[in-house]
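Visitor: Please take one part of this model and go through it closely, then say how the rest is arranged around the ligands.

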Amino acid sequence: MNLPDLNQAKIRTKQKIEVRNATNIKSDLFVGKKYFIRTYGCQMNVHDSEEIKRILENLGFRETLELENTDLVVLNTCAIRENAHDKVFGFLGRLKHLKKEKKELIICIGGCMPQEENVANILKDKYPFVDIVFGTHNIDDLGKMILNLNHQQQIEVYSIEGRVYENMDYIRDSKYTAWVNIMYGCDKFCTYCIVPYTRGRQRSRKIENILKEVNTLKEQGYKEITLLGQNVNAYGKDLEENYDFATLLETVAKTKIDRIRFVTSHPWDFTDEMINVIEKYQNIMPYIHLPLQSGSTRILKLMGRRYTKEEYIQLYYKIKAKIPGVSITTDIIVGFPNETEEDFKETLEVVNECKFDGAFTFIYSPREGTPASKIKDTIPIEVKENRLHKLNEIINSYSLAHNQEYIGKTEDVLVLGQSEKGKDKVYGYTKTMKLVNIDGAVKDIGKIILVRITDAKSFSLDGQKEIFVQN
Ligand code: SAH
Ligand code: SF4
Ligand code: F3S
């Protein structure tokens, strides 16, 4: 794999950035044909799939949710942990059978997995029935590759040199909430993480282009946007212009779009200016996803996270003090190589101190080519599983306790769609990103309404639309 060494990675180089526009290859060759897309991994991939859908629809395809009825399949893959790989290879087994029955089925693999050289080779050698393999840096080649199909496997993947996408055209999953990429790639090179290799070095979009996109979304009636990047608060550090994430947030807030969110923030890049801007603008939501990863300063150092346990806690309290009602969630990895019982205890200490609103928790998974994968690990998997279990129990108890505090309160909720919990129910999110299942608001999809919270579980709230009776 094309891996920069860590020392080199720490030097910020102004790389040559290629700005690429949306492809507008249009054809009626596939009119009447269907595509099926499955997306793995993070929001970045979810948003990339919105680009893939546009490319396919421009060729005449329409989406189907039924695998058996499709003419083309795209798997938009993730490489963050081994189990992400396993899921894709498992699914490929199913597709192999399907293709035996339906020879003309077109199978495409994109996303982060093909960016790993070994995976690209495995697809070449062991999965000849896969027609097209593309990567994260050339999604826009997909249309061309489909039109060039000639019974030979096509693999086109570029290494880490990046592109910035402008003037994109997406088939967005929602009409009310939209992703807005503000940057691509990541420069942090946490020692366990594959993302800087699958997505390349950090490339920020120019502020005026982001602003244009937000204004367009607002005109189209979008109520909410989420500024998207692997490390959003490092925004701008790679640009010649002197602006940072606080400037961007303030600029976007001034558009007066109803709701602004952002993911993901790195504690090391969190500045006082950012906290001040979040506090100042009512349309910046009081919700921050702030990955901790570990509570042990020793492990944090081995992870290359650049902050100590104490610095994280200090930042946490600073944010809590300045932003009323803020909810803070986190990511935690257990079982980093040679994590001791003492290290794990420190993680629990931070969790008990910060009482997060929620957390995504993971067992460390070695990723080939990353520095951490070279560390010999002596901790048995059962120990790691026990730690994860213990951690989850504590996290869930805090999530429930936070959620219970909402009972009886009235919250602003952006209603996004029909709830899975029942025909007459819809779902939406509070400002603090709590999922609410709501009675009596079917006509309110796409609106921000007042909801009285009636019940709380660990992962969601129940509520009723507040109806004001005028005297
Ligand atoms: N850019 C974000 C998210 C990156 S991936 C951030 O920095 O927080 C999402 C999460 O996956 C990470 O926060 C981390 O907790 C987890 N993760 C990343 N690499 C991992 C690995 N090798 N094993 C287990 N979990 C990992
Ligand atoms: Fe991975 Fe996030 Fe670290 Fe970047 S900041 S290397 S995406 S964990
Ligand atoms: Fe996975 Fe790639 Fe996202 S590895 S987590 S889909 S950036």
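Guide: In helix 4 (residues 117–126), the buried residues are Val-119, Ala-120 and Leu-123. Seen down the helix axis, the buried residues of helix 4 fall within an arc of 105°, so they line one face; the arc is that of the directions from the axis to the C-beta atoms. Buried means under 20% relative accessible area, exposed over 50%, partly exposed in between (1.4 Å probe, protein chains only). Helices (H or I, at least four residues) and strands (E, at least two) are DSSP runs, numbered from the N terminus. This is a predicted model: local features need pLDDT of at least 70, side-chain atom pairs count only at pLDDT 80 or more, and totals for chains, interfaces and linings use all residues. Residues are numbered from 1 along each chain as its sequence is written, chains are lettered from A and ligands numbered from 1 in the order written, and side-chain values use heavy atoms, without hydrogens and water.

On the face of helix 4 turned away from its buried side are the exposed Asp-125 and Lys-126. The cover over the buried residues includes helix 3 (82–101), strand 5 (106–111), strand 6 (132–134) and strand 7 (154–156), with contact meaning heavy atoms within 4.5 Å.

The chain is divided into domain 1 (28–156), domain 2 (166–404) and domain 3 (410–465), with bounds from an automatic or database domain assignment. Domain 1 and domain 2 both give residues to the shell around ligand 3, so ligand 3 lies between them. The centres of domain 1 and domain 3, taken over C-alpha atoms, are separated by 35 Å.
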